[in-house]
Amino acid sequence: MKHCLAFLCLLGTLHYALAQCTVPASDFQLEGDYFIGGLFEIHTSAPIYQERPEAIHCSSKPFHQTNYRRFQLMRFAVEEINNSTNLLPNVSVGYEIFDHCSDTQNFPELLKLISVNGLIQPWVEDRHQLDVSKVIAVVGPFASTQSLTVAPLFMADLIPMVSYGSSTTVFSKKEKYPSFLRTVHPNKDVIEVIVNIVQHFNWRWVAFLNSDNDFGNDGRELFLKRIKDTEICLAYTKGLNDNISYSQMFKQIETNGINAIIVFAPEFTAEALILSAIQLNVTNKVWIAGDTWSLNKLLQKHKGIKNIGTVLGVSQPVVSIPGFDDFIYSTKNQTQCENLERNIFCNQVCNCSRSAEEILAVDPSFSFPVYSAVYAIAHALHNTLQCGADQCNGNITVYPHMVLAELKKSNFTLLNHSIEFRENGDPKFGSYSIVFWNSGDAEEVGFYKSLYFFINGSKIKWHNKGEVPTSLCSKECSIGYVKEQNGIHKCCFTCTICQNGTFINSTKDPYKCIHCKDTEWSAAGSTSCNLRLVEYIPFTDSGAILIMIGALALEGLTLAMSVLFAINYNTPVVRSAGGPMCFLILGCLSLCSLSVFFYFDKPTISFCLLRSLPFILFYTVCLACFVVRSFQIVCIFKMAAKFPKLHSWWIKYHGQWLIITVAFVTQAFLLHICYFYAPPKPYNETQWSPESIILSCDIQFQAFSGLAILLVFLGSLCFIFSYMGKDLPKNYNEAKAITFCLLLLILTWVIFTTIYVLYQGKYIQTLNAMAVLSSLYCFLLFYFLPKCYIIIFQPQKNTQQHFQALIQNYTKTISQ
């Protein structure tokens with residue numbers, strides 16, 4: 001590619017008299033001892049579909065004013081370095097800049113940069129046999145796709161590429177791009193600021209629109225990765241290209257109810273998007289701009305920009321570069337000859353007539369990155385040449401990889417910024433500003449630096465009548481309500497209150513009700529648990545005291561009755577009551593009452609065992625005694641006459657004691673099995689009352705079913721035999737007394753069982769002890785007490801003659 005402007009200038013010199021104009025040297029070239037390459041997209045090339053190879057005409061493409069400003073910044077920086085007495089003394093820096101207007105058709109210029117005398121030379125160990133490349137480093141290009149295309153050409157010979165705009169993540173991988181550095185932060189940092197803005201204003205239902213290229217797709221992947229563990233949901237995403245239907249895209253955004261739109265795209269793509277939004281009357285949205293277009297002057301001053309909503313953006317801080325304005329004015333005031341030959345194509349022709357005011361008024365983004373990139377290369381060259389205060393070592397042959405080594409070690413101050421690079425080539429310097437488009441200007445409202453985020457929301461004039469807009473799929477749940485996700489997005493949910501015994505920790509997991517511990521409780525809709533109140537019946541409880549007094553009274557009564565029966569042992573009343581069996585029954589009733597004392601205070605293993613053992617074991621003996629006693633009553637009055645042999649056998653082999661012994665041994669055996677496999681143990685009852693823990697004993701009813709069956713069986717036999725004696729003499733009421741006692745016993749346990757089903761609070765222990773005590777008093781009061789009354793107050797009925805008369809009268813009656 002020939003440098004036509006230089007050629008035209010030479011032609012103008014030869015024909016000065018005819019042309020009568022002064023043509024300056026090309027802006028794209030400058031002679032010097034060492035050359036820096038420059039790649040700037042001054043003209044933007046749209047996709048071209050061609051049937052044969054054609055030369056690219058950059059100057060015929062749309063002009064990019066912002067990139068032209070950056071192009072001039074490189075020229076300014078080189079001129080400033082050449083005029084410096086401290087940096088590279090007595091060494092001049094030249095440049096070769098190309099209008100990189102195409103990703104795929106600018107290779108002739110790139111190959112020219114890395115060629116020596118028109119040839120591409122492979123690397124050999126003995127470089128003395130080859131000429132040295134005139135280019136020591138390259139500044140640019142801006143776009144990530146452009147860098148991805150051309151970078152391999154420079155990586156082969158480790159020619160440093162210092163990009164001022166390529167922010168795709170892949171360039172941080174040094175195994176692929178060993179000589180690539182950049183003066184802008186990677187996309188990850190911009191995405192971090194954007195996510196912080198979204199989180200700050202609680203926008204959880206967002207759209208992400210990105211350019212359909214390496215830069216935009218990288219930003220989208222980083223955004224998805226960053227919001228993975230946040231409450232932000234990506235409701236809609238779209239890659240922007242030349243064939244997109246903006247009307248359909250905005251219709252889908254509106255249908256989904258999205259009010260926050262992130263636009264991560266280059267300046268031209270963002271301009272087309274926003275202008276389409278204005279044209280299609282898209283309103284009441286929050287637009288979050290990436291750093292590539294957040295300071296776009298064209299859109300800020302567009303008359304319809306206020307209608308689309310509120311625009312926030314992430315931008316690089318605007319660094320004022322002293323002397324640059326004067327440089328632009330002096331450059332534009334030079335006499336230039338334009339359009340000397342329109343038919344001659346040349347990539348190095350600027351083909352623009354912008355004034356100095358127009359150049360200085362455009363988006364200043366990425367200005368300092370260009371400026372710092374040129375200075376970083378100059379400082380690296382300065383160190384490579386071992387420059388001192390006055391001169392540099394001219395005997396050193398400079399290779400690009402030597403400059404690269406010094407670039408990586410950069411550490412100097414430029415306009416109060418410390419210029420350093422990380423090991424992966426990313427810059428250590430720089431921060432981000434958060435801007436708000438306020439009536440045609442970008443006003444700084446916050447910043448982000450070194451993981452510190454700040455934004456002053458009071459400076460933002462929201463389109464929503466001054467209130468912060470919302471962008472949610474579902475409204476936030478009230479306190480105490482859990483989110484139940486609807487569909488694939490966690491931001492879409494219904495709210496359900498957390499039930500008793502659970503709570504919600506919204507900061508930890510708003511989608512799950514957490515169960516309280518067994519020692520805690522909570523009401524419905526709680527955000528924390530409370531400690532349960534531990535409840536049990538102490539010995540000092542008034543109910544416990546009354547029951548224990550009743551048990552002690554029973555002990556006294558059984559003792560007194562035993563003494564009374566012993567004194568009157570040979571009387572008919574004692575004999576008819578059971579004789580020696582009376583003492584066994586009274587003794588067992590006394591032992592059963594011991595169980596009552598273990599229903600109070602804090603349950604222990606021994607307390608739980610002794611609650612049931614004495615009562616079950618000795619009450620079995622009592623029931624067995626009454627079974628035998630009932631059978632004897634029936635046998636004497638009915639079976640003695642009809643079955644005399646059976647009566648004789650019963651008397652001869654002491655059948656009553658045999659049955660009592662069998663019942664006792666059987667129940668003792670069953671108790672042993674139950675206590676071995678499923679012993680009663682202390683148990684914390686947490687189901688009955690949510691606010692308290694009731695200390696009780698855990699009795700497995702399945703294991704104790706055998707014991708209960710034996711007791712029921714004995715009680716049933718006793719009831720059957722005693723009921724058979726209902727027609728005995730009125731004054732001889734032994735069977736009737738036993739029947740009545742059994743009815744009271746049944747009624748007692750039916751009442752307790754009903755209460756137990758309906759109520760299982762702490763007082764169930766008191767009621768259980770009361771049921772046990774009632775079971776004992778049933779026999780004591782209604783079987784033994786009447787006999788004591790006869791012995792003491794009606795001794796005339798306690799005679800042999802009285803009882804014989806009753807028996808003889810009844811025998812005559814049943815024989816007839």
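Buried means under 20% relative accessible area. With that cut-off in hand, look at strand E2, residues 34–40. Tyr34, Ile36, Gly38 and Phe40 point one way from E2, while Phe35, Gly37 and Leu39 point the other way. All of these residues are buried. The model is predicted.

**The chain as a whole**

- The protein chain holds 24 helices and 25 strands.
- Of its 816 residues, 50% are buried.
- Take the contacts in the chain with a separation of 6 or more: residues 24 or more positions apart account for 70% of them.
- The chain exposes about 39600 Å². Carbon and sulfur atoms supply 57% of that area.

- E2 is mostly covered, with seven of its seven residues buried.
- Strand E3 (residues 93–99) pairs with E2 in the parallel sense, over seven bridges.
- Within that pairing, Phe40 stands opposite Asp99 in E3.
- Strand E4 (residues 135–139) also runs parallel to E2, and four bridges join them.
- Here Ile36 has Ala137 in E4 as its bridge partner.

**The largest nonpolar core**

- This core has 66 residues. Phe565, Leu589, Phe600, Tyr619 and Phe784 touch the most other members.
- Several helices each supply at least two residues of the core, including H15 (542–567), H17 (580–592), H18 (605–642), H20 (655–677) and H23 (764–793).
- H18 gives the most, with 14 residues.
- Which residues does Tyr619 contact, leaving aside its neighbours within four places in sequence? They are Leu589, Cys592, Pro614, Leu711, Leu745, Ser775, Leu776 and Phe779.

**Helix H20**

- H20 has 23 residues.
- From its first C-alpha to its last, H20 reaches 34 Å. That is close to the 33 Å expected at 1.5 Å a residue.
- The buried residues of H20 are Gly655, Gln656, Ile660, Ala663, Gln667, Leu671, Cys674 and Tyr675.

**A three-stranded sheet**

- Three strands form an open sheet in the order E23-E25-E24, with mixed pairing.
- Why does one side of E23 and of E24 lack a neighbour in the sheet? Strand E23 (533–535) and strand E24 (681–685) stand at the edges, and each has a single partner strand, so one side of each is left without a neighbour.
- Neighbouring strands of this sheet are turned by 30 degrees against each other on average, direction ignored.
- E24 and strand E25 (residues 692–698) pair in the antiparallel sense over five bridges.
- Cys697 in E25 is the bridge partner of Pro682.

**Ile244, a loop residue**

- Where is Ile244 found? Ile244 sits in the loop between strand E8 (233–240) and helix H8 (246–255).
- Is Ile244 buried or exposed? Its relative accessible area is 13%, and buried means under 20%, so Ile244 is buried.
- Not counting residues up to four places away in sequence, Ile244 touches Lys238, Gly239 and Met249.
- Ile244 and Leu273 are 29 residues apart along the chain. Their C-alpha atoms are separated by 10.0 Å.

Definitions and conventions. Residues are numbered from 1 along each chain as its sequence is written. This is a predicted model: local features need pLDDT of at least 70, side-chain atom pairs count only at pLDDT 80 or more; totals for chains, interfaces and linings use all residues. Side-chain values use heavy atoms; hydrogens and water are left out. A nonpolar core is a set of buried Ala, Val, Leu, Ile, Met, Phe, Trp, Tyr and Cys residues joined through side-chain atoms within 4.5 Å. Buried means under 20% relative accessible area, exposed over 50%, partly exposed in between (1.4 Å probe, protein chains only). Contact means heavy atoms within 4.5 Å. Two strands pair if DSSP finds at least two bridges between them. Axes are lines fitted to C-alpha atoms, for helices over the stretch in contact, and angles run from 0 to 180 degrees between N-to-C directions. The expected span of a helix is 1.5 Å times one less than its number of residues. Accessible areas come from the Shrake-Rupley method with a 1.4 Å probe; for residues, only the protein chains shown count as cover.
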